[in-house]
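Subject: Structure for your review

Dear colleague,

Please find below the structure that I am handing over to you. My notes on what was found in it follow directly after.

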Amino acid sequence: MDAKYVRKDCVKRMSDIEVVDLLKHESFYWEQSYQHIAGIDEVGRGCLFGDVIAAAVILPQGLLIEGVNDSKKLSAKKRDALYDVIMEQAIAVSVGYADAATIDRINIKQASRLAMKRALDDLSVVPNFLLVDAEKVDSDIPQLSIIKGDANSQSIAAASIIAKVTRDRLCEGAWEAMYPEYGISIHKGYATKLHRAQITDLGATPMHRRSFLKNLEAEQQTLF
């Protein structure tokens, strides 16, 4: 997108800032003539319920969005605001999903990779290079896996925000409406005390990850 549309309260050009740590990886590969770098991340890996969701984001060269960081470190309000800025400024954004049945069939690690692959394949612009949060995506495109990538790369952090907001909105909207008695909008599918109690009382839904519930069932058996 044209830089003249950048929101000045949220975005600065790289030349205005002396040190830009979150662009260190991007800058290195831009200098190697990789024009379109996609950051890729996933959320929902540890949940008992619902899809694991990944996002892929390509941002313009030299663009720094203030406040972008690991989505887990941001408030919901801040994530929502940054989601809008990222969607406005990105060259391309896409989201990929892997549902509970897929997670149970191929395991969460492979399902996370599948969601990442689906997000990558759905980008409207084909990237030249990939920055991936602690994973490897099944692709011939050159890539770099970065440990704690969402805290060390703006592109990955932007992807984590898109994925997190997308999943939270499903939890608060469609998934909550499908299973209102489970409190999905509150715990977002994680193994909270409330969620475990609801599963015990009501049983698992088709969107619960059966492979994840084995530990919960074992815990219950030791109580009686």
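**The largest pocket**

Strand E2 contributes the most to the lining of the largest pocket, giving 3 residues. Helices (H or I, at least four residues) and strands (E, at least two) are DSSP runs, numbered from the N terminus. A pocket is defined on a 1 Å grid over the protein atoms alone, as an open set of points where a 1.4 Å probe fits, with protein on both sides within 12 Å along at least five of seven lines; lining residues have an atom within 4 Å of a point. The volume of the largest pocket is about 310 Å³, a volume being the space filled by probe spheres set on the grid points, which are joined across faces, edges and corners. Its lining consists of 16 residues, and Glu42, Val43, Gly44, Arg45 and Lys72 are those nearest the centre. E2 and H5 are the elements that give two or more residues to this lining.

**Basis of the model**

This is a predicted model, in which local features need pLDDT of at least 70 and side-chain atom pairs count only at pLDDT 80 or more, while totals for chains, interfaces and linings use all residues. Residues are numbered from 1 along each chain as its sequence is written, and side-chain values use heavy atoms, with hydrogens and water left out.

**Overall features**

The protein has 9 helices and 7 strands. Of its 224 residues, 50% count as buried; buried means under 20% relative accessible area, exposed over 50%, and partly exposed in between (1.4 Å probe, protein chains only). Among contacts with a separation of 6 or more, 67% are between residues 24 or more positions apart, where contact means heavy atoms within 4.5 Å.

**Nonpolar cores**

In soluble globular proteins, nonpolar side chains tend to be buried together. A nonpolar core is here a set of buried Ala, Val, Leu, Ile, Met, Phe, Trp, Tyr and Cys residues joined through side-chain atoms within 4.5 Å. The largest one has 28 residues, of which Val57, Ile65, Val68, Ile86, Ile161 and Trp175 touch the most other members. Strand E3 (52-58), strand E4 (63-65), helix H2 (76-89) and H5 each give two or more residues to this core, and H5 gives the most, with 8 residues. A second, separate core of 25 residues includes Ile103, Ala111, Leu130 and Ile199.

Setting aside residues up to four places away in sequence, Ile161 touches Val68, Asn69, Ser71, Leu74, Arg79, Leu82, Tyr83 and Ile86.

In H1, the buried residues are His25, Glu26, Ser27, Tyr29 and Trp30. Their cover includes E2, strand E6 (129-133), strand E7 (143-146) and helix H5 (154-172). Just after H1, Ser33 has a positive phi of about 75°. His36 is in the loop between helix H1 (24-31) and strand E2 (37-43) and is buried, at a relative accessible area of 18%. Apart from neighbours within four places in sequence, His36 contacts Ile58, Ile91, Val125, Val126, Pro127, Asn128 and Phe129.

**Cysteines**

How many disulfides does the structure hold? There are 0, a disulfide being a pair of cysteine sulfur atoms within 2.5 Å. Cys47 is in no disulfide, and the nearest cysteine sulfur, that of Cys171, is 6.7 Å away; this is too far for a bond. Cys47 is buried, with a relative accessible area of 0%, and Cys171 is likewise buried, at 0%.

**Positive phi in two further loops**

Asn107 is not a glycine, yet has a positive phi of about 85°. Asn107 sits in the loop between helix H3 (100-106) and helix H4 (108-121) and is partly exposed, with a relative accessible area of 41%. Ala134, in the loop between E6 and E7, has a positive phi near 55° and is partly exposed at 39% relative accessibility.

**Helices H6 and H8**

Ala174 belongs to helix H6 (residues 174-178) and is partly exposed, at 42% relative accessibility. Leu194 lies in helix H8 (residues 193-202) and is partly exposed, with a relative accessible area of 37%. Beyond its neighbours within four places in sequence, Leu194 is in contact with Ile186 and His187.

With kind regards
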